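Hi,

Here is the structure I promised to pass on. Have a look at it first, and then read my notes below.

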Amino acid sequence: MVRYWQDFFRKNGPTLALYLLISVTCWMLLMIVLPQLFMLDFSFRTNVPPPQWGTEAHGYTLEHYQYMIYGSAQSTDSYNFVDLSVFGRTILTAVFVTLIDVALCYPVAYYLAHVAHGGWARLMVMALIIPFWVNELLRAFAFKIMFGSTGIINNFLVGIGILDQPFDFIRNGVALYSGLSYAYILLMIFPIYNAVESLDKNQIEAARDLGSPWWRIHWRVVIPHAKPGITSGCTMVFMLTAGALAAPQILGGPSSLWFTQIIYQAFNQAGNWARGSAYGIILLATCLIFVLLVMKIFKIKLGEIAR
Amino acid sequence: MSADVKLDQVWIRFGEFVAARDVNIHIKEGEFFSFLGPSGCGKTTLLRAVSGFSEPSEGKVLIGGQDMAGIGPNKRPTALIFQNLALFPLMMVWENIAFALEVKGVGLAERRKRADELLELIALPDQGEKMVSELSGGQKQRVAIARALAAEPDVLLLDEPLSALDLKLRQHMRTELRAIQQRVGITFIYITHDQGEALTMSDHVAVMSQGVIEQVADGNTIYDQPDTAFVASFVGENNMFEGKVSEISGDYAIVDTGSGQMRARKSKGKEQLSPGDQAFVFIRPESLKFANGSDFDNRIKAKILQQEFEGSFWQVFFDVEGSNRSAKLSTVNDGTTLAHQVDDQVELGFNANTAIATPAGDLAAE
Amino acid sequence: MTSDHIRKFFTISFVLGFFAYLFGPLIIMSLTAFNSSAFPRITPWECFSVEWFQFLSQDAKLIEGLQNSIFIGLGVVALAVPLGLSGALMLTQVQERVRPWYYTITIAPILVPGVVLGISTLLFWDRVGTMFGASRESIFYNGFFLTIVGQATFISAYTMLVFISRLQRFDRVQEEAALDLGATHVQTFRRILLPFLKPAIASAAVLAFLASFENYNTTVFTIISESTLTTFLAAKVRHGINPSISALAVVIVALTLFGAVLHEVYQRRELAAEKESAKIAKGEQTKRRTTNRFILDPAVILIFLVTTAGLGTAYFAGTMGLDECKAQVKAERARVVQERVKKREQKTMFQEAGRQALTPGDTEDGAKGKPAPGTSNFQGLFSPDNLEEQAGTKNQGQAEDKPRAGTEQFQSIFAPKNLEEQAGGGSEEQKKE
């Protein structure tokens, strides 16, 4: 160990060695590890006003996690149906959105990587980047405009006579689901595109040459090759969708709360930071479990995901 | 300025692995010295210990009589030419060459002037404004040398710098390197796995195997008087016979092999042969002859396997009686055809002073 | 038509559909910025106008949020670029055993929900502040500081990935070569590594700035009492929307487009330079042709000119005839309202009259009235006051002269069937008779 640090300083020289050590330590400890640990600690403490934090009154408790499951003691329900159902819906919707995005992106990624050629393909790939850099809020806003009761979609549907009444897309969640699918779709298409593109065209041609039908080529050649990209895209899209705040706030109807919104309310409206932290931990844990599960199922390493 | 380099009982370990084992070498100033060995033998490790990128685990490196312990590569009077040259791709050629001056704080005009002088030396005048990527392989090579020389090192270290070049260019660069060394007069330490390079250019060659220096000598001696079985098998081609020493008489050893008793000069390495020892007898293909009734110190019986015509040479391969190794004979093509056919039973002979007997030991991989 | 053709047709339609999905919303949103209507929409089109852009530039809170966002973005760049760089440099140097852990921890912030990062940053520095007994005005409770730190936590991971991929192409021997030639470690870093990393530093900085600029989830927790562009936008969108938000989007989309094109041009030039170098090395070419390496590319100048001209024209077109057009729309609207009132009166009259006898003018009126009132009704329907009610915002204070019954009727007018029924009501009733 001593030898390692000696080598380290020798190799980098004192100035750079110090820069590397200090900045990496600050980043890892002060910004990543400790804040998460503090949050974990905080989520197990009673909810007392800020001046009492760290005093004896600020003791350990499981009440916030219990609250998530059983609700408040005054409540007549045996379970906290509101929060649990929001949580369940959030996770299910996130999974659903992820699947939709895969289904939408895979054919397009394949098309861009192996069917389209030349300047066109390049232009299209470049064009993909543009919506990505438009603010998340603005993208949600665009959907609000489109799906509003007098938005272009309602106008169109009523105009051609499919509907006789404007349909409330916002209240029943259609706007939210399409907005969420839209919000992170580019984090799906880029990894898949990169993975599919690295596939040697000859492999596809060899398979075709051997008389394989097109769906089998995809199933046996292209998809296995693109697996790391697909997994990476799924993980990112799921995490971001489950943790989304802007789209639900803008596109969510009054009845369709998102789990992050409950956390937001705990912090900004109820002033119950401890419960907010506990819910945050629950969200974090769920996301991590999901990622680990996906990694296990598809036998992918973390290094391949974050690329 | 030139300096001598001394490796004094140097050991280099990486965990359990020993990359250099008790190395003692004295390289005199102004000498062209080569380390020759197969890849992985530890020669690059030794070079890095001299240049300061690593410290020996034990022992000392002395340059110009000064102990180099704790002195970093940027403070040592050495300059290294890397295997892949490591030219700086984002700098122009002249900036590359003048880099050593730049870091010393030499002014722009002075740097430029010196760079132009060096470009002249390496026969690339007026190429200073080019980018490195615009040079050909041989030109890059020369720029790397100029860049190292600009640092005015006492010792120039070269780590297989010619390995990336094609054969013709490599042969040309050998002569050029030697010429440059003689012109600047500083110590060159050259690392290679190519014996042709080592033998043609060097004043002295150290042959290395598995972290051990097998022999240090001039090229001629290495070829004609190998100290160990490894050197004999690694440098040049050799036929080999295994046996047991039955007698030592003066400079000669008599070895009983499966193909009969053989007399050969005995090797002069650290380990000396004595009666009863396992030994190898080596005889070069060009020293092996068809006996044809002439008088030879040693004779063996063999069957011709194959004959290859190589223009100025005939190469003939044999199955030797009493040995599971085939033998090879090469003879100058004097215009007459060979008198033998494949499958002929022949008698071969060689003289004791052309053969060498070494203690049995590791051989170079084929 | 073979099955191949059919498949090709479906694939292309799918891809086109995908791109329509990607760009449609943005295009529609952008167009709404130029419609003078007070609600962001494109149907019906009222007047081409750039007044929402002017409106935008006068919004002091927006400007403040924008300034804060830029300040925070620069802060994040200043923090995340060196952190990411050191993280990437360290990666190759940590012991083999520790490396997977090291990588996992540094990459984790990308996967942690932004909300969680925001909360944990807020909590952590609050506790640190308490530990040091710092006052509420100190840095630990400062929204800017917290936001920069919170965002940099995960943005550093982005920049680290940028640096890692660039460093993979770096020949580490170059550093040794420089050291060997007498350079100090700092000189080597400055002269060899930094120039090599320059493009990566630039793209990491841009990435960091953009990621910071558009971040909402983390910021909304850490910003406390300040506001950034995103928190301002979120508040605005939630409290009722108007086309100035679209106008802002147009500005952002335009800047992005501009950046993308610039990036493309830059990359192409790099590629060309590389090809040229290879040619020179092979001896196919003796001199470098690109003399305009430091002068702006003609393409860039052209884009700049076209953009300026386009914006200028749009500005004049949008301001010049605007008042007239608006007056027209207003007049038209008034007329429609009046007509409708009249018609309702007529209709009631009709219904009464229908029971007794037919008046010949009615059929004529119905046929003629169908197209024109149809469209104008449509427009009237979308008048801003109306819309707010429909959109569900609670701004009912200005219902003014419009009676509730009116709205209801408009809603029923909305569907074409109803429309016909109303317009041609007379004739249908005629048949029944």
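Let me start inside chain A of this predicted model. In helix α8(A), the buried residues are Ile185(A), Leu186(A), Leu187(A), Met188(A), Ile189(A), Phe190(A), Pro191(A), Ile192(A), Tyr193(A), Ala195(A) and Val196(A). That makes 11 of its 13 residues, so α8(A) is largely enclosed by the rest of the structure. What do the buried residues of α8(A) pack against? Their partners are α3 (81-115), α4 (118-133), α7 (174-183) and α10 (214-242), again of chain A.

As a straight helix of 29 residues it would span 42 Å at 1.5 Å a residue, yet its end C-alpha atoms are only 34 Å apart. If you trace α10(A), you will find a bend of about 55° at Lys227(A). A proline, Pro228(A), follows within four residues of that point.

Stepping back to chain A as a whole, its secondary structure consists of 14 helices and zero strands. The C-alpha trace of chain A spans about 75 × 75 × 35 Å along its principal axes. Its radius of gyration is 24 Å, whereas a compact globule of 307 residues would have one near 19 Å. Of those 307 residues in chain A, 43% count as buried. As for contacts in chain A between residues at least 6 apart in sequence, 68% of them join residues at least 24 apart.

Chain C has helices too: 19 of them, with zero strands. There, 34% of the 433 residues count as buried. Taking the contacts in chain C with a separation of 6 or more, residues 24 or more positions apart account for 76%.

Now for how the chains meet. How many residues of chain C are in contact with chain A? The count is 81 from chain C, against 77 residues of chain A. On the chain C side of that contact, helix α1 (residues 3-32) of chain C gives the largest share, with 11 residues. By type, the chain C residues that touch chain A divide into 54 nonpolar, 21 polar and six charged.

Chain C also touches chain B, in a contact that takes 19 residues from chain C and 22 from chain B. On the chain C side, the elements that give two or more residues are α7 (173-180), α8 (185-214) and α11 (243-282) of chain C. The chain C residues that touch chain B are 11 nonpolar, five polar and three charged.

Chain B is where to look for sheets. One is an open sheet of four strands in chain B, ordered β2-β1-β4-β5 with antiparallel pairing. Its edge strands are β2 (17-27) and β5 (66-67) of chain B, each of which pairs on one side only. Inside that sheet, strand β1 (residues 5-14) of chain B and strand β4 (residues 58-63) of chain B pair in the antiparallel sense over five bridges. To find the pairing on screen, go to Leu7(B), which stands opposite Val61(B) in β4(B).

Another open sheet in chain B has five strands, in the order β15-β19-β16-β17-β18, and its pairing is antiparallel as well. Which strands stand at the edges? They are β15 (289-290) and β18 (326-332) of chain B; each has a single partner strand, so one side of each is left without a neighbour in the sheet. Strand β16 (residues 298-309) of chain B and strand β19 (residues 345-350) of chain B are joined by six bridges in the antiparallel sense. A handy pair to display is Ile300(B) with its bridge partner in β19(B), Leu348(B).

Last, a loop residue in chain B. Leu135(B) lies in the loop between α4 (108-121) and α5 (137-150) of chain B. Is Leu135(B) buried or exposed? It counts as buried, because it has 20 C-beta neighbours inside 10 Å. Its C-alpha atom is 9.0 Å from that of Val93(B), a residue 42 positions away along the chain.

Over to you!

How values were computed. Residues are numbered from 1 along each chain as its sequence is written. Chains are lettered from A and ligands numbered from 1 in the order in which they are written. This is a predicted model: local features need pLDDT of at least 70, side-chain atom pairs count only at pLDDT 80 or more; totals for chains, interfaces and linings use all residues. Two residues are in contact if their C-beta atoms, placed from the backbone, lie within 7 Å. Ala, Val, Leu, Ile, Met, Phe, Trp, Tyr, Cys and Pro count as nonpolar, Asp, Glu, Lys and Arg as charged, and the others, Gly among them, as polar. Two strands pair if DSSP finds at least two bridges between them. The radius of gyration is taken over C-alpha atoms; the globule rule is 2.2 Å times the number of residues to the power 0.38. A residue is buried if 20 or more other C-beta atoms lie within 10 Å of its own, exposed if 12 or fewer, and partly exposed in between; C-beta atoms are placed from the backbone. The expected span of a helix is 1.5 Å times one less than its number of residues. The bend at a residue is the angle between axes fitted to the seven residues ending there and the seven starting there.
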